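Colleague: I would like to go through this structure with you. Could you take my questions one at a time?

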Amino acid sequence: MSRRRIAAVVRKEVREFRRNRFVVGTMGVLPLVFLVSPLVTIFRVPDSASGTQVKAAVGVISLLMLIIPVVLPPVIAAYSVVGERDQGTLEPVLTTPVPAGELLLGKAAAAFLPSVGLAYVIYAVVLVAIRVGAARVVRAVVFHPPELLAQLLFVPLLALWSIWLGIAVSTRASDVRVAQQLATLAGLPVLGFTSLISFQVVTPSVPLTVGLALALLAVDVAAARVVARLFDRERLITGARGARPVRRARSATRATG
Amino acid sequence: MSAREEPALVVDRLTKRFGDRLAVEDVSFGVAPGEVFGFLGPNGAGKTTTVRMLATLIRPTAGTARVAGLRLEPGNGVAIRRRIAVMTESPGLYLRLTVAENLAYFAGLYELERPRERIERVLAAVDLTSRAHDLCLSLSKGLRQRVALARAMLSEPAIVFLDEPTAGLDPVASREVHGLIGGLRERGVTVFLTTHRLEEAERLCDRVAILNTRLLTIGRPDELRDRLFTKTLVVRIAAPLAEPEAVFAVPGVDRWRADGPGRYLLTVADARVAAPAVTRALVAAGADVLSLAEAQHSLEDVYLELVDGDGGGAR
């Protein structure tokens with residue numbers, strides 16, 4: 001595994017995102033929506049609110065914070081392979097010595113860093129705002145350690161899941177927009193899982209949070225392996241699956257590396 | 001190629017099938033180090049497919065190959081790609097990145113030492129130093145092609161595959177690309193050039209192969225002409241001969257035919273033997289000779305003769 005090659009991929013991807021209006025716009029506007037909406041909800045909760053009302057309001061915030069890492073990364077990740085194929089840059093890259101695993105890891109890292117960074121920044125801003133201006137009953141629920149731990153651990157792990165899903169769709173899709181829509185849709189079922197925690201259907205405790213985080217990590221690692229296997233150079237270049245030898249025993253069967 | 005020197009490419013009965021469609025069938029050839037090798041054929045003949053197989057992008061259905069000394073097999077993909085560079089038909093540049101950023105990315109993928117120096121060197125070679133910090137989006141098609149060529153030279157590969165490098169370029173830009181390919185030859189780089197521009201192949205290539213799904217012929221352009229066409233002398237005189245059969249009954253002339261008033265085509269075994277004898281006979285017959293020259297067949301004639309006569313190929 002070459003860190004230098006992975007770093008080259010990350011650098012290139014980040015440069016491209018920065019100069020892509022659609023990506024910059026999405027990464028700028030979506031988080032604003034996610035920032036304004038929970039704050040409006042939370043500041044409406046009075047000190048006299050019932051426990052159910054408070055739980056519901058905090059649940060909305062918590063859910064929105066966990067939606068960010070599910071919704072933002074596919075915008076970038078879904079573009080990563082099919083976008084390159086569309087603009088004709090994929091084939092030159094595939095003729096270099098970069099192995100598929102490193103290329104995908106670089107692309108995943110490039111999508112991961114800004115998405116998770118933004119998600120954490122927004123969460124931090126929300127926490128500060130709640131600390132400063134929200135009702136005491138709200139503060140007591142939000143600053144509950146297992147809740148905070150859940151947010152800290154689940155944000156990157158959910159982001160990784162969305163990214164691998166986005167890249168997987170991107171390796172098989174024929175069009176960038178279709179890939180982005182499919183990747184976002186495919187990430188939605190995860191929201192069911194986050195809702196259970198956000199609305200405290202499953203009350204988060206430290207052991208439960210750590211256990212779930214480890215399970216998510218295992219899913220992410222498995223997803224990375226599946227995506228690397230899905231990355232078939234021949235299919236990406238020609239649209240056809242790699243051939244099996246049919247004529248001679250000495251034939252070359254797999255020439256990719 | 002010296003006996004010790006290993007060929008840059010050895011291809012043995014390479015075949016590629018996409019489902020029911022046979023894209024390349026039983027193709028065998030070798031390319032010497034430093035050779036500029038032309039791969040010609042009509043659209044759909046299997047040129048790009050062959051390049052993609054040799055560049056480890058797609059898997060052969062059958063056959064074997066050695067690329068830059070390495071056997072074409074699964075475990076050698078990365079090592080082969082380290083020794084080669086491919087310039088695809090479309091330049092494939094990141095248009096939102098600058099010229100230098102595009103090259104820096106590939107320098108990173110090849111893990112090149114002193115990347116900045118290398119980038120400066122290849123940009124100088126393609127005369128683009130002054131455009132290093134321009135976005136590729138702002139470059140003309142010809143300039144983008146030059147950037148792609150610079151990218152192919154970046155890793156100092158043993159073999160450069162150029163897939164239709166002048167497709168869609170105007171004559172001036174094409175000539176610049178030809179000059180750069182000449183530069184690669186001077187550096188001793190093996191160039192594998194696929195093209196259907198025959199004048200380009202004739203001008204640049206040491207040898208050419210003509211492909212139409214299967215290999216139709218291979219050799220130096222002049223060899224192919226000699227192999228395919230009989231030698232012909234074209235005689236032009238001021239007035240038609242009264243008894244041409246008597247005049248052309250000279251040693252070295254196999255047969256003759258009139259080709260318009262005062263114009264005759266003579267099939268000869270060796271033009272250097274026949275031409276003086278024919279000249280003497282014409283003068284002796286009192287003819288006013290306007291010209292006497294050997295007919296020149298171009299590579300295009302060879303190509304058309306082979307491809308048109310090949311019923312089983314692409315197109």
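Modeller: The answers below concern a predicted model.

Colleague: Let us start with the layout. Into which domains is chain B divided?

Modeller: Chain B is divided into domain 1, residues 9-225, and domain 2, residues 230-294. The C-alpha centres of these two domains of chain B lie 46 Å apart.

Colleague: Now helix 6 of chain B. What span does it reach, and what is expected?

Modeller: Helix 6 of chain B runs over residues 171-186, 16 residues in total. From its first C-alpha to its last it reaches 23 Å, close to the 22 Å expected at 1.5 Å a residue.

Colleague: Which residues of that helix are buried?

Modeller: The buried residues of helix 6 of chain B are B:Val177, B:Ile181 and B:Leu184. They cover an arc of only 50° around the axis, which means that they sit on the same side of helix 6 of chain B.

Colleague: Why do residues three or four places apart point the same way in an α-helix?

Modeller: Because an α-helix has 3.6 residues a turn.

Colleague: And what covers the buried residues of helix 6 of chain B?

Modeller: The cover includes three strands of chain B, namely strand 3 (36-40), strand 7 (159-163) and strand 8 (190-195). It also includes helix 5 (141-153) and helix 7 (198-204) of chain B.

Colleague: Which exposed residues does the face turned away from the buried side carry?

Modeller: That face of helix 6 of chain B carries B:Pro171, B:Val172, B:Gly179 and B:Glu186.

Colleague: Which residue just after the helix takes a positive phi?

Modeller: B:Gly188 does, with a phi of about 85°.

Colleague: Changing topic: how many residues of chain B are in contact with chain A?

Modeller: 38 residues of chain B are in contact with 40 residues of chain A. Helix 3 of chain B gives the most to the side of chain B that touches chain A, with five residues. By class, that side of chain B has 18 nonpolar, ten polar and ten charged residues.

Colleague: Finally, the open sheet in chain B. In what order do its four strands come?

Modeller: The order is 2-1-4-5 in chain B, with antiparallel pairing. Strand 2 (21-31) and strand 5 (70-71) of chain B are the edge strands, each pairing on one side only.

Colleague: How many bridges join strand 1 to strand 2 of chain B?

Modeller: Seven bridges join these two antiparallel strands of chain B. B:Leu9 has B:Val31, in strand 2 of chain B, as its bridge partner.

How values were computed:
Residues are numbered from 1 along each chain as its sequence is written. Chains are lettered from A and ligands numbered from 1 in the order in which they are written. This is a predicted model: local features need pLDDT of at least 70, side-chain atom pairs count only at pLDDT 80 or more; totals for chains, interfaces and linings use all residues. The expected span of a helix is 1.5 Å times one less than its number of residues. A residue is buried if 20 or more other C-beta atoms lie within 10 Å of its own, exposed if 12 or fewer, and partly exposed in between; C-beta atoms are placed from the backbone. The arc is that of the directions from the helix axis to the C-beta atoms. Two residues are in contact if their C-beta atoms, placed from the backbone, lie within 7 Å. Domain bounds come from an automatic or database domain assignment. Ala, Val, Leu, Ile, Met, Phe, Trp, Tyr, Cys and Pro count as nonpolar, Asp, Glu, Lys and Arg as charged, and the others, Gly among them, as polar. Two strands pair if DSSP finds at least two bridges between them.
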